Amino acid sequence: MGRIVAICLSEQKGVAKHEVESGLLIEDWGLDKDAHAGHWHRQLSLLAKEKIDNFRAKGAKVENGAFGENLIVEGFDLAKLPVGTKFRINDIQLELTQIGKECHSHCEIFKTMGDCIMPREGVFCRVLRGGQVFPGDEIILAGD
């Protein structure tokens, strides 16, 4: 069992995401108003709070959303879960579709720190059932 720590979005691609008070996850789309939402397999990005904290401990000054993550989650080592894993947040259902991503051009975090955790620690999900999500909501592994 885990917990949603923060919800982040960006209205346009190429800019850092910013924290919001809540988010509407739309079935087969992603986070409402987020530039990366759409009918594809990377509708929502998740990153573990613990991984962000470890990166900050190395001296990185990064705000929530700096890695492009939509949901910051604590309680799971997300990158160790298999593709196909399902999550539930209240009535919301997510399916993990991709672990990590290729970084074609290094981001500002990489240029400053010489490293970025999103390409290896971030995971992507499809929204199977939408709903409203808030920081503090419980996230659990769901059966089929």
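Let me start with a term: buried means under 20% relative accessible area, exposed over 50%, and partly exposed in between, using a 1.4 Å probe and protein chains only. This is a predicted model, where local features need pLDDT of at least 70, side-chain atom pairs count only at pLDDT 80 or more, and totals for chains, interfaces and linings use all residues. Residues are numbered from 1 along each chain as its sequence is written, and side-chain values use heavy atoms, leaving out hydrogens and water.

First, the overall picture. The protein chain has three helices and eleven strands; these are DSSP runs, H or I of at least four residues for helices, E of at least two for strands, numbered from the N terminus. Of its 144 residues, 44% count as buried.

Now the salt bridges. That term takes a side-chain nitrogen of Lys or Arg within 4 Å of a carboxyl oxygen of Asp or Glu. The whole structure has nine.

Take lysine 51 and aspartate 77. Their closest N and O atoms are 3.8 Å apart. The pair links distant parts of the chain: lysine 51 sits in helix α1, aspartate 77 in the loop between β6 and β7, 26 residues apart. Aspartate 77 is partly exposed at 29%. Lysine 51 is also partly exposed, at 22%.

Next, arginine 126 and glutamate 95. They meet at 2.9 Å, N to O. Arginine 126 lies in strand β9 and glutamate 95 in strand β8, so the pair ties together parts 31 residues apart in sequence. Glutamate 95 is buried at 17%, whereas arginine 126 is partly exposed at 28%.
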